[in-house]
Amino acid sequence: MGDFLMPSLGADMEHGKIVEWLVKPGDYVRRGDLVAVVDTDKTVMDVESFQEGVVADLLVDIGETVPVGTPLARITQTPAEVGAPSREAPPPRPVAAKVEAAKPAPSPEAPPIAPPVRHLAHRLGVDTGRIHGTGKDGAITRADVEHAVAARPAGTRRVRSSPRARRLAAELGVELSSVPGTGPEGAVTVEDVQAAAARRPEAGPREAGPPAVAPEAPGAVVPEAGAVPEARAPAAEKPPEGRERVATLRRAIGALMSRSKQTIPHYYLSTTLDLRAAVGWMQTVNAQRPVASRLVPSALLLKAAALAAKDVPEVNGFYLDGAYRPSAAVHLGVAVALRQGGLVAPAIHDADTLALDELMEQLRDLVSRARAGRLQRAEMADPTITVTNLGDLGVESVYGVIYPPQVAMVGFGRVLEQPWAENGMLGVRAAAIATLSADHRVSDGLRGGRFLARIQELLQKPDEL
Amino acid sequence: MNEQDARAAVRAALGKVAPDVELDDVGGDARLRQDLELDSLDFLRLVETIDTATGVDIPERDYPAVATVDGLISYLAAHG
């Protein structure tokens, strides 16, 4: 039993906003199940449960912003355990009698019922006075309540629906109970709501007032924009919302980068990478592949950076409370520029152990989800070193600002053809400038230089990456 | 594929990869990477989306020919 708390989704996060609940009271959750969608100032993330049990109550409403550590939901034991207390300790009769005496009792023989079960019944709108308890001493069990719900005539049954479908229905003014559900167990889906709205001649956004959700949950609107273009609120409402989002993201980045520059003594190094072997190998490989499995130079650079970080532990870890803690795993943060402005830097986990194709696949997935505003908690919380690949859009070199509590930021510039002198001969080669911004509290230029040199070495044997 | 179909395919693919870009608002000589700010992953996805929709697989060696909006449309019209 315990509370599900607003998690910290990054060193810079102080509060978060519930954008969507992915569970409802009565749902059974396992560790790792996604529970809620949380909007930080930087991005929108799916957050998972750290415990197993039944969701007893949601304590924070959609659209509410609360500090990290605030209880968001109560999660009680598994159903088996919930039943147990009522068997061991049914509420003693005298208490029940006292209650009856205190107020005119609608059901003189109120059966014993454990508080979590009573709560569930209340949530589901079940009148416990009307159900027959099958537990000890006629106690009403969770199963009894669930049976009572299932036995209701269809018309009065609580409508199963996803939170997103409910929101859309509210926005479109569609009565949920009138919509035939095609989802699991007859749940009403977003598509069902859209279909129902389309059947009405007057289909369109609700006239009265702004859409219920849009103003307080801008992040939630983004993923849906593609799915229901015809159902969008008038387009005029979108730009201010987008601007506001960019502004909060800009503030968050500003605060974090200021903290970084104020607390971390950065030092900077750069080296020019010889990419003749890497780019040549990649072109050969890509020529034989369909577009869906082609590689980009970034994938090779990221893999080399991950392997080098593993070899030079002084750049891979966290500086916390005055001490450096190197990380055994390499979770490679990738700075992703968002098209509407700003950036996020989610992690590719254990990037050093991934085959190049796997890393490429994860990179594509991560970037597309980052742009859609759908990252997961762990991805934002724990990069051990971050890479910025701004050069992809043109610049020759980029010196990044370290994300605290990390201790290093790697920058890759544009891949371009350069005159290259070697052994007294001049030739033309693909090359790119790699930079390292590192924390002087943890390492010196010598170790930082070793890190860049290691990247260079690794890229000379691209087929081994 | 005629010019019109090619343009429609480019419009649809751009709509997926860079929803903020409206094809009619950008000139034909707009460069996909520099002007429309598609990074290498965006560009790969654009090529992939076009391949799925039209069956035209643009090999890497032809990327220079499809660097602009008009270049891409002409390429599709010629190869689709």
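1. Ground rules. This is a predicted model, where local features need pLDDT of at least 70, side-chain atom pairs count only at pLDDT 80 or more, and totals for chains, interfaces and linings use all residues. Residues are numbered from 1 along each chain as its sequence is written, while chains are lettered from A and ligands numbered from 1 in the order in which they are written.

2. Chain B itself. You'll find three helices here and zero strands, running α-α-α from the N terminus (DSSP runs: helices H or I, at least four residues; strands E, at least two). Of its 80 residues, 31% are buried (20 or more other C-beta atoms within 10 Å of the residue's own, C-beta atoms being placed from the backbone). Take contacts between residues at least 6 apart in sequence: 64% join residues at least 24 apart.

3. The largest nonpolar core. It has 104 residues, and among those touching the most other members are Leu302(A), Val334(A) and Leu363(A) (a core is a set of buried Ala, Val, Leu, Ile, Met, Phe, Trp, Tyr and Cys joined through C-beta atoms within 7 Å). Helix α10 of chain A, residues 297–311, gives the largest share, nine residues.

4. Val334(A). Not counting residues up to four places away in sequence, Val334(A) touches residues including Leu302(A), Pro346(A), Leu363(A) and Val387(A).

Notes. A residue is buried if 20 or more other C-beta atoms lie within 10 Å of its own, exposed if 12 or fewer, and partly exposed in between; C-beta atoms are placed from the backbone. Two residues are in contact if their C-beta atoms, placed from the backbone, lie within 7 Å.
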